[in-house]
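Below is a short report on one protein chain, written for use beside its sequence and structure.

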Amino acid sequence: MSSEKPWKSRAVVKHADGKFRCAWCGTDPLYVRYHDEEWGVPLHDERRLFEMLCLEGAQAGLSWITILRKRDNYARAFDDFDVVKIARYRAPQVARLMKNAGIVRNRLKVHACIENAKAVLALQKEGSSLDEVLWSFAPKKTRRRRWRTLGELPACTAESDAMSKALKKRGFRFVGTTICYAFMQAVGIVDDHQSRCYAITEPRRAGRQSRAFAGRQRSAHPRRSRQKPRFLPAGTKGTSEKRPKASFSN
Ligand SMILES: [Zn+2]
């Protein structure tokens, strides 16, 4: 992120539909939909986690909206993120990818996807999974302060440092701590929706209600429908049905 002043003080923005959303998603429908349906929603699907890891790596140095616009091209170019197929890519496939204008044609990033696919296969061979490894870096604290402005959002944390270190050790590439933190936000390992954003998921995950967001619960995430049941911390089994009643008191 740049160190320019204006964006730092930006709080949630009220959209035409009356909902307050994080300031970063702007008004581009693609970005708004990503914010509403995916960003911060706990994701456990192995293939989709791999997709997000590749896309976050591809984003390095570019804007996220650039990657979102290329996302379908990525899925087509990379066999819908099938790690078995990608791990087998050799020079001809790399040459094909480097000619594909629909993706970020950066040789290091293309190779990173291939190496990352191999690293995921190695994990699975050990009886582990990307899901297990990545979620092991979820912050232990279930409750923390909610960020009001964009400037307050962290770029990395102790957990993202640890995730980055562990992934690099396992042969993953393009997994620096800031990429890891952006990934943690994207797949819901952390919920960094700004204070008063309607998409906040935390009340259910934390097992207690955020005062400001007591009234807001999402019932369905179409793009996440393929995933396993959402993550629930120990001791909160079955509480997902008991959703807080609307009592917006802010
Ligand atoms: Zn938000």
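## Phe50 and its surroundings

Leaving aside residues up to four places away in sequence, Phe50 touches Phe81, Val83, Val120 and Leu130. Two residues are in contact here if their C-beta atoms, placed from the backbone, lie within 7 Å. The structure is a predicted model, in which local features need pLDDT of at least 70 and side-chain atom pairs count only at pLDDT 80 or more, while totals for chains, interfaces and linings use all residues. Residues are numbered from 1 along each chain as its sequence is written.

Phe50 lies in helix α3. Phe50 counts as buried because it has 23 C-beta neighbours inside 10 Å. The cut-offs are 20 or more other C-beta atoms within 10 Å of a residue's own for buried, 12 or fewer for exposed, and partly exposed in between, again with C-beta atoms placed from the backbone. Phe50 and its contact Phe81 are 31 residues apart in sequence, and their C-alpha atoms are 6.9 Å apart in space.

## Overall make-up

The chain has 11 helices and two strands. In order from the N terminus, its elements run α-β-β-α-α-α-α-α-α-α-α-α-α. Helices (H or I, at least four residues) and strands (E, at least two) are DSSP runs, numbered from the N terminus.

Of the 250 residues of the chain, 33% count as buried. Among contacts between residues at least 6 apart in sequence, 70% join residues at least 24 apart.

## The nonpolar cores

The largest nonpolar core has 43 residues. Such a core is a set of buried Ala, Val, Leu, Ile, Met, Phe, Trp, Tyr and Cys residues joined through C-beta atoms within 7 Å. Leu49, Phe50, Cys54, Cys113, Phe183 and Val187 have the most contacts inside the largest core. At least two residues of this core come from each of α3 (46–59), α5 (83–87), α7 (107–125), α8 (130–135), α9 (158–169) and α10 (177–186). The largest share, eight residues, is supplied by α7.

Cys113 touches Cys54, Phe78 and Ile86, not counting residues up to four places away in sequence. A second, separate core of seven residues includes Cys22, Cys25, Tyr198 and Ala199. In soluble globular proteins, nonpolar side chains tend to be buried together.

## Helix α7

Helix α7 has 19 residues and reaches 27 Å from its first C-alpha to its last, close to the 27 Å expected at 1.5 Å a residue. The expected span is 1.5 Å times one less than the number of residues in the helix.

The buried residues of α7 are Lys109, Val110, Ala112, Cys113, Ile114, Asn116, Ala117, Ala119, Val120 and Leu123. They pack against α3, α5, α6 (91–98) and α8. Just after α7, Gly127 takes a positive phi of about 90°.

## Contact of α2 with α4

Helix α2 (residues 29–37) and helix α4 (residues 64–77) pack at an angle of about 90°, with their axes 10 Å apart. The axes are lines fitted to C-alpha atoms, for helices over the stretch in contact, and angles run from 0 to 180 degrees between N-to-C directions. The two helices are therefore roughly perpendicular to each other. Angles of 65 to 115 degrees count as roughly perpendicular, those under 35 as roughly parallel, those over 145 as roughly antiparallel and the rest as oblique.

On the α2 side, Leu30, Tyr31 and Tyr34 meet Ile65, Leu68 and Arg69 of α4. By class, this contact has five nonpolar, no polar and one charged residues. Ala, Val, Leu, Ile, Met, Phe, Trp, Tyr, Cys and Pro count as nonpolar, Asp, Glu, Lys and Arg as charged, and the others, Gly among them, as polar.

## Positive phi in the loops

Asp80 is found in the loop between α4 and α5. Asp80 has a positive phi of about 45° although it is not a glycine. It is exposed, with 12 other C-beta atoms within 10 Å.

Phe174 lies in the loop between α9 and α10 and has a positive phi of about 55°, although it is not a glycine. Phe174 counts as buried, with 23 C-beta neighbours inside 10 Å.
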